[in-house]
Amino acid sequence: MFEIAEYIGTIAFAISGFFVGVRSRLDFLGVLISVFLTTFGGGVIRDIIVDKTPYAFTHTTSGVIVITVMFLLIALKFHKKESIENRPFFILSDSIGLASFSITGALIALEANFNLTGVLALSFITAVGGGITRDVIINEVPFVFKTGFYGTISLLVALLMYAFHYFELMNFYSTTAIFMVAVILRILAYYKRWSIPLV
């Protein structure tokens with residue numbers, strides 16, 4: 001389940017990072033860094049917390065996927081399109097990445113026997129840590145801090161994963177159901193403009 005979610009999230013967040021880099025008018029190297037930070041940043045932080053060598057540093061497949069996705073998007077001239085961040089393709093890929101990496105973070109936390117607080121934290125960090133790092137580097141307010149329900153969905157995924165694990169209901173089907181709920185909620189939150197009240 002971990003590897004499936006990891007690869008799905010890698011593809012989705014590579015697309016998301018590419019679009020953000022292009023929108024910020026970064027050069028080729030800048031876009032490449034945006035892609036890698038978005039895709040691997042949260043996972044690296046997650047693995048360091050649980051005292052493991054980062055997954056991205058020991059599995060070649062993830063890096064190959066990122067490079068392939070980036071060059072495919074360039075070949076299809078997605079960098080020439082305008083307002084791509086508001087298009088359904090971007091929203092869908094970002095939603096899939098959010099759900100997938102929230103799940104991988106929760107799975108690693110559960111494997112490490114973390115309590116609920118730990119599961120919530122690791123799920124959140126895995127899903128949004130890379131995006132926060134990317135946004136700080138390109139001098140923007142992190143996306144998760146200004147978009148309603150984005151980080152909240154990650155926390156909801158973690159809570160559901162913890163509950164299913166606690167009641168010994170964790171399996172491929174329950175994880176898939178959580179994934180689908182998270183993706184649908186993220187898309188609904190975007191188009192319905194759901195938000196958390198401002199302070």
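Predicted model: local features only at pLDDT ≥ 70, side-chain atom pairs only at ≥ 80, totals over all residues.

Modeller: Residues are numbered from 1 along each chain as its sequence is written, and side-chain values use heavy atoms, with hydrogens and water left out.

Biologist: How many cavities of 30 Å³ or more are counted?

Modeller: A cavity is a set of points, on a 1 Å grid over the protein atoms alone, where a 1.4 Å probe fits but cannot get out. Here the count is one cavity of 30 Å³ or more. The largest cavity holds about 40 Å³ of space, a volume being the space filled by probe spheres set on points joined across faces, edges and corners.

Biologist: Which residues line the largest cavity?

Modeller: Lining residues have an atom within 4 Å of a point. In this model they are Glu6, Thr39, Phe40, Gly43, Val44, Arg46, Asp47, Pro54, Tyr55 and Ala56. By class, the lining has five nonpolar, two polar and three charged residues; Ala, Val, Leu, Ile, Met, Phe, Trp, Tyr, Cys and Pro count as nonpolar, Asp, Glu, Lys and Arg as charged, and the others, Gly among them, as polar.

Biologist: Which helix gives the most to the lining of the largest cavity?

Modeller: Helices are DSSP runs (H or I, at least four residues), numbered from the N terminus. Helix H2 (28–49) and helix H3 (55–58) each supply at least two residues of this lining, and H2 gives the most, with six residues.

Biologist: How many salt bridges does a search of the whole structure find?

Modeller: A salt bridge is a side-chain nitrogen of Lys or Arg within 4 Å of a carboxyl oxygen of Asp or Glu. The search finds five. One of them joins Glu6 to Arg46, with the closest N and O atoms 3.7 Å apart. This pair links distant parts of the chain, since Glu6 is in helix H1 and Arg46 in helix H2, 40 residues apart. Arg46 also meets Asp47 in a salt bridge of 2.9 Å, N to O.

Biologist: Are Glu6 and Arg46 buried or exposed?

Modeller: Buried means under 20% relative accessible area, exposed over 50%, and partly exposed in between (1.4 Å probe, protein chains only). Both Glu6 and Arg46 are buried, and Asp47 is buried as well. A further salt bridge pairs Arg134 with Asp135, whose closest N and O atoms are 2.9 Å apart; both partners are buried. Asp135 is placed in helix H6 (residues 116–137) and counts as buried because its relative accessibility is 2%.

Biologist: Which residues make the nonpolar surface patch?

Modeller: Such a patch joins nonpolar side chains (Val, Leu, Ile, Met, Phe, Trp, Tyr) within 5 Å, from residues with over 30% relative accessible area and no salt bridge; areas come from the Shrake-Rupley method with a 1.4 Å probe, and only the protein chains shown count as cover. In this model Met1, Ile4, Ile8, Phe172 and Tyr173 make a patch of about 530 Å². Helix H1 (2–23) and helix H8 (172–191) each supply at least two of its residues. Phe172, in helix H8, counts as partly exposed because its relative accessibility is 45%.

Biologist: Where does Asn113 lie, and what is its phi?

Modeller: Most residues other than glycine have a negative phi. Asn113 has a positive phi of about 65° although it is not a glycine. Asn113 lies in the loop between helix H5 (88–111) and H6, and is exposed because its relative accessible area is 68%. Arg193, in the segment after H8, has a positive phi near 60°; at 72% relative accessibility, Arg193 is likewise classed as exposed.

Biologist: How many residues apart are Ile67 and Leu155 in sequence, and what separates them in space?

Modeller: Ile67 and Leu155 are 88 residues apart in sequence and 29 Å apart in space, C-alpha to C-alpha. Ile67 belongs to helix H4 (residues 60–75) and is partly exposed, with a relative accessible area of 32%. Tyr190, in helix H8, is partly exposed at 26%; its C-alpha atom is separated by 27 Å from that of Arg46, 144 residues apart along the chain. For Asp135 and Thr58, 77 residues apart along the chain, the C-alpha separation is 26 Å.

How values were computed
1 Å grid on protein atoms, 1.4 Å probe; cavity = no way out; pocket = protein on both sides within 12 Å on 5 of 7 lines; lining within 4 Å. Patch = residues over 30% accessible without salt bridge, like charges linked within 9 Å, V, L, I, M, F, W, Y side chains within 5 Å.
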